[in-house]
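Please have the sequence and the 3D view at hand. The paragraphs below go through them step by step.

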Amino acid sequence: MVTETSLKAYREISEDGLLGRCETLVLNIIKSHSDLCEREIEEILTKEGNHLPINNIVARVNALTKYRIISKSGKKISKFSGKEVETYSYNDGLPIEELRLNIKRVRGNKGRQRSLNPFFKMNNRESAEIG
């Protein structure tokens with residue numbers, strides 16, 4: 001059961017653009033169906049006409065887990081591979097400010113760190129001179 005505060009937080013992070021399109025697609029599936037593995041998410045997305053390659057889904061699930069928007073909910077035997085796989089569920093009840101902080105904490109200042117990296121700057125200049 002999804003609470004009203006959780007729905008409000010979800011709407012705010014979606015409208016603020018804190019999550020990308022693929023993250024939003026994966027999150028929508030996990031919110032509407034709990035205890036899914038990555039292959040099941042892929043299957044549902046494909047049925048809905050939003051095919052994403054499995055490597056994109058795995059990356060989005062990892063990002064949403066790091067943001068603490070979803071969490072591992074258990075394990076089950078995959079109907080696709082017959083092997084044990086992790087399942088994921090939506091973390092109900094996280095306040096919007098905590099979600100924003102989690103996303104910012106994980107993403108950090110990656111762009112700033114990259115631009116301060118002298119190796120990156122050197123390669124950028126070299127490629128500008130060549131091109």
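Over the ring of which residue does the charged end of lysine 31 sit? The ring belongs to tyrosine 90, and the charged end of lysine 31 is 4.3 Å from its centre. The model is a predicted one, and the values given here are computed from it.

The overall layout comes next. The protein chain has seven helices and two strands. The chain has 131 residues, and 32% of them count as buried. It exposes about 8,400 Å², of which carbon and sulfur atoms supply 52%. Taking contacts between residues at least 6 apart in sequence, 54% join residues that are at least 24 apart. Aromatic pairs number zero in this structure.

Valine 26 shows how parts of the chain meet: beyond residues up to four places away in sequence, it touches Ile41, Leu45, Leu52, Arg60, Val61 and Leu64.

The buried set is Cys22, Glu23, Thr24, Leu25, Val26, Leu27, Ile29, Ile30 and Lys31. Lysine 31, whose charged end sits over the ring of tyrosine 90, is thus among the buried residues of α2.

Serine 34 and tyrosine 90 are 56 residues apart in sequence, yet their C-alpha atoms are 7.1 Å apart in space. Setting aside neighbours within four places in sequence, serine 34 is in contact with Tyr88 and Ser89.

Aspartate 35 is found in the loop between α2 and α3 as well. Its phi is positive, about 55 degrees, although it is not a glycine. Most residues other than glycine have a negative phi. Aspartate 35 counts as partly exposed because its relative accessibility is 36%, which lies between the 20% and 50% cut-offs.

In α3, the buried residues are Glu38, Glu40, Ile41, Glu42, Ile44 and Leu45. They pack against α2, α4, β1 (70-77) and β2. Just after α3, glycine 49 takes a positive phi of about 85 degrees.

Another positive phi in a residue other than glycine is found at arginine 68, with a value near 65 degrees. Arginine 68 is placed in the loop between α4 and β1. Is arginine 68 partly exposed or buried? With a relative accessible area of 45%, arginine 68 is partly exposed.

How values were computed
Residues numbered from 1 in each chain as written. Predicted model: local features only at pLDDT ≥ 70, side-chain atom pairs only at ≥ 80, totals over all residues. Heavy atoms only, no water. Helix = DSSP H or I, 4+ residues; strand = E, 2+ residues; numbered from the N terminus. Buried < 20%, exposed > 50% of the residue type's maximum accessible area, 1.4 Å probe, protein only. Contact = heavy atoms within 4.5 Å. Areas by Shrake-Rupley, 256 points an atom, 1.4 Å probe, with all protein chains shown as cover. Phe/Tyr/Trp six-rings, centres within 6.5 Å; stacked < 30°, edge-to-face > 60°. Lys NZ or Arg CZ within 6 Å of the ring centre and 35° of its normal.
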